[in-house]
Amino acid sequence: MPTRKLALSLATAAGGVPLLLALWAPAASARLVQPAVAIGAARTVAAPTYMVVSASAIASAAGRDVMAAGGNAIDAAIATGMALAVTYPTAGNIGGGGFMVIRMPDGRATTIDFREMAPKAAKPEMFTDSTGAYSSRIHHNSLMSVGVPGTVAGFALAHSKYGKVKWNTLVEPAVRLAADGFDVPKGLAASLGGAINGKFKNFPASVAAYSKSGTAYAMGERMKLPDLARTLERIRDNGKDGFYRGETARLLAQEMKRGGGLITEDDLANYVAKERAPVTARYRGYEVISMAPPSSGGVAMTEMLNILEGYDLAKAGHNSPQYVHLVVESMRRAFLDRARHLGDPDFSKAPLDRLMSKDYAAQLRKDILPDRATPSAPSQIVQQHESDETTHYSVVDASGMAVSVTYTLEAGYGLGAVVPGAGFLLNNEMGDFNGKPGVTDSTGLIGTDANLARPGKRMLSSMTPTIVAKDGKLVAVVGSPGGRTIINTVLQVVLNIIDFKMPVQDAVNAPRFHHQWLPDVISFERNGIAPTAVTALEAMGYRLRAGGNQGTAHSIMVDATGVRIGAPDARDADAGAAHN
Ligand code: DON
C-alpha cells in the first residue's frame, strides 16, 4: 500500500478538511478524475483492533460497542444491522432480507442467505392483471410485491452458529434507539421529507411513524419509533419467534389481508435462513470471497475477474479508454450469463462451475476485440427496472474475523408501507422475480424460467457482499447497494485495490461505471471518465451516459501491520466508521 497517500488521507480526515481534496492527487499507476460524489461527513479512520463502517454512524457505534463488550464481528454485524433498521430506514431493515459473508481468522469462509422467500400462494403469473397483461404496479408497488422477510431469521442463524455474546444484548441498542429516539441526521431528514410527500402517502401508518403528524422531521430533531421499539423488544426477548410468530406475525398477516397481500402467518412460521458455501474467485494471487446464488453477485463478479486476469489493467490506466473497454466487455458477458442461467439454487441448477472456470473465461476473451465494442444482441433478453436503495456494511474484529453484509428492502423504504402496530417497513422484493413467463421485451421484462416466482422460492439478487484475502490474511471487506450496479461497483473497488494498489478510501471514492449487457450503454459517474476518454470510447462503438453516483461501498482494509482502515463512502451523507 502506498503509505504516503494513506498518511495524507488520514491526516486530512483528522483535520476535518474534505477528503476528496486530498484523495484526488492521482497515484502513479492511476489516472483518476474527480467523480460526482457528494462530499459528506464520511472520513477515513484507522484503528488497531476493530472497526465497523456503515451508512449510519449511529448504527456503526452500536456494533463497535458490542465488540468493546467482548462480542465478535458477527455479534457486531447483528447489532449494527438491527440499529440500521431504526436509524437508516431507507434500507436498514427487519422487514427485508439480504446476505452475510463471513471469513474466520483461520481463513474458513461461509455465508448466511436471508433472502426473502415467495409466499405459498405465489405463482409465475402473479404479476399480471385481470386481462393477463403484465402489471408493473402489482410487481413493484403493491402488497403482492412483498416477500417473506428474512433478516431476523438470518441474524438469528448467524448468532446461533457463530455469535459469542447473548442475543438480547445485540437487539437492545436498536430497542433503545427506537424507544428513546435519536437525532435525525442530515441525509435521513432530506430523504424522509421526500418519502412523506411521496411513497408513504398511500400508507397512513408510514406517515404516522415517520413524521410529526404529517410534518417532516428537521435535521437534529429527535425521532422516536414506539411501535418499532415494541417489535424489537419482542425480537430481543423471544429471538426470531418474536418476529415470525405471535403478535408481530399476526400484525403483518393482518396488513396483508387488509391490502390484498399474500403472506400468511404460516408463511412467516415457515421462513428459513440458510448457511451456504461462498463462491471464491482466485484473482492475481488474491481470494475474492463472495455470495453464491440466490445472489448473482459472486458468480458474475468471478466471471468478470477471470476474464480480466488476462489483461494488464494497471498498464491500461484507471478509467482509460482501454480499461473501460476491457472491463465493460467482461461485464457484458457476465450479465448475459446472469440473465440466462441464474435463479434460486433450491429450484434450478445453473452451470456454476463452468461459468466460474478459467477455461470459460479464456474462451470468452477470444471474442473481445482489442479496440471495438462487441454489441449486445437486442433480440435477446433485456433487463428489467431496478431501483436504487439497499445498504452495505463491513465489520472486522480484534481476532481478524470479517463480516460483510448487504441487505435491503429493494426500493428506498421498500414498498413504503409500515405494518400498522408493528412499526417496521415492508420490502417490495418480489419485484426481483421475472415479471411474466416467456415475456422478454424491450421495456425491460425478462421471462426466463430460472427466476420466475414460485412458492417458497427466493428471487434473484445482485447483492455482492465480498471479502478479499491474500496468503491466508484478510485484506479487505467490501460491498455496495445499487441494484445491478452493485456487482460492477464491487468489481471496481476490488480492481482498485488489487490492480491499482489504491488506499482503501481512494478505492471507494474513485469514479465508477456500469454496463449490464442490455441496455447496451455505459453509464458513468458524471466527470468520472475524462471527456477525451469518452470520445475515444464512442469511436470504439460505445454509447455512454453520464449520471449520478453509483453505489456506496462502505469498506474496511487491513494493512500489512494489521491496522484496520475504515473507509465510509463519501457518497452517503450519514455514513460513518466506529472503532476502538
Ligand atoms: O437484491 C437485489 O439485487 C436488489 N433488490 C437490490 C436493490 C438495491 O440494491 C437497490 N439499491 N440501492
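Me: In strand β17 (residues 555-558), which residues lie on one side and which on the other, and are they buried or exposed?

Reply: This is a predicted model, and a residue is called buried when its relative accessible area is under 20%. In strand β17, Ser-555 and Met-557 are on one side while Ile-556 and Val-558 are on the other, and all of them are buried, which leaves both faces of the strand covered.

Me: How many bridges join β17 and strand β18, and how many residues lie between them in the hairpin?

Reply: Four bridges join β17 to strand β18 (residues 564-567), again in the antiparallel sense, and Val-558 has Arg-564 in β18 as its bridge partner. The two strands form a hairpin with five residues between them, and in the turn Gly-562 has a positive phi of about 90°.

Me: What is the order of the strands in the open sheet of three, and which are the edge strands?

Reply: The order of this open sheet is β14-β15-β16, with mixed pairing. Its edge strands are β14 (513-514) and β16 (544-547), each of which pairs on one side only. Between β14 and strand β15, residues 522-525, the pairing is antiparallel over two bridges, and His-514 has Ser-523 in β15 as its bridge partner.

Key:
Residues numbered from 1 in each chain as written. Predicted model: local features only at pLDDT ≥ 70, side-chain atom pairs only at ≥ 80, totals over all residues. Heavy atoms only, no water. Buried < 20%, exposed > 50% of the residue type's maximum accessible area, 1.4 Å probe, protein only. Pairing = 2+ DSSP bridges.
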